[in-house]
Structures are given as C-alpha cells and as structure tokens.
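Work through these exercises with the model open. Each task is followed by a stepwise solution.

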Amino acid sequence: MLYWLLSLFFRAVGCTEWVVVLATLLQRTQLLLELFETDTGLWQAYNRSLQQQEDGLYSDLVVKLQEKLGSAE
C-alpha cells in the first residue's frame, strides 16, 4: 500500500521517472504495467535500456513485462 501511495504522489508531481526507478528496484511488475500501458514511449525506452544491460539483473522483470505489454518498438 505504501508503494502505491508513493507512486501516486510522485506521478502527481510529475516524477514518473522516479516511480519507474523505484518500481524496478523493488520489481513491482503491476505498477510498471500501469505506467507503461498509458505511455508506450516510456515502455520502449525502458525496454531498450534494460535489454542493453550486460549483467541481466532485470532480465526476468523485462520478460514478464514483455509478456504483458509486448515488445513493440
């Protein structure tokens, strides 16, 4: 619940990028899905950026998101 309230606050003040960073670190798939469903440009940039990571730290998260959103670029 706390994450949800924080995300609402950050989005309200125009800090969507911080919500994305926090949700990624905490691997909050549902929150990321809600953000990316309304902003495909953000999804495309996020997807490209994480796919370029050599360590693959978030590869499972990216796969989950791609399954739900598709990897349309």
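**Exercise 1: α3 against α4**

Task: find how α3 and α4 cross, and which residues meet.

Solution. The axes of α3 and α4 come within 5 Å and cross at roughly 120°. That angle makes α3 oblique to α4. Oblique is what remains once angles under 35 degrees (roughly parallel), over 145 (roughly antiparallel) and 65 to 115 (roughly perpendicular) are taken out. Axes are lines fitted to C-alpha atoms, for helices over the stretch in contact, with angles from 0 to 180 degrees between N-to-C directions. Helices are DSSP runs (H or I, at least four residues), numbered from the N terminus.

Next, the contact, meaning heavy atoms within 4.5 Å. From α3 come Leu32, Phe36 and Thr38; from α4 come Thr40, Leu42, Trp43 and Tyr46. By class, this contact has 5 nonpolar, 2 polar and no charged residues. Ala, Val, Leu, Ile, Met, Phe, Trp, Tyr, Cys and Pro count as nonpolar, Asp, Glu, Lys and Arg as charged, and the others, Gly among them, as polar.

The model is predicted: local features need pLDDT of at least 70 and side-chain atom pairs pLDDT 80 or more, while totals for chains, interfaces and linings use all residues. Residues are numbered from 1 along each chain as its sequence is written, and side-chain values use heavy atoms, leaving out hydrogens and water.

**Exercise 2: α3 against α5**

Task: describe the packing of α3 on α5.

Solution. Helix α3 covers residues 29-38 and helix α5 residues 59-69. Their axes come within 11 Å and cross at roughly 45°. The two are therefore oblique to each other. Now list the partners. Thr29, Leu32, Leu33, Phe36 and Glu37 in α3 meet Leu61, Lys64, Leu65, Lys68 and Leu69 in α5. The classes are 6 nonpolar, 1 polar and 3 charged residues.

**Exercise 3: pocket and cavity**

Solution. Start with the terms. On a 1 Å grid over the protein atoms alone, a cavity is a set of points where a 1.4 Å probe fits but cannot get out; a pocket is an open set with protein on both sides within 12 Å along at least five of seven lines; lining residues have an atom within 4 Å of a point.

The pocket lining is Glu17, Val20, Val21, Thr24, Leu25, Leu42, Ala45, Tyr46, Ser49, Leu50 and Gln53. α2 (16-25) and α4 (40-51) are the elements giving two or more residues. The lining divides into 7 nonpolar, 3 polar and 1 charged.

The cavity is lined by Leu50, Gln53, Gly56, Leu57, Tyr58 and Ser59. Its lining has 3 nonpolar, 3 polar and no charged residues.
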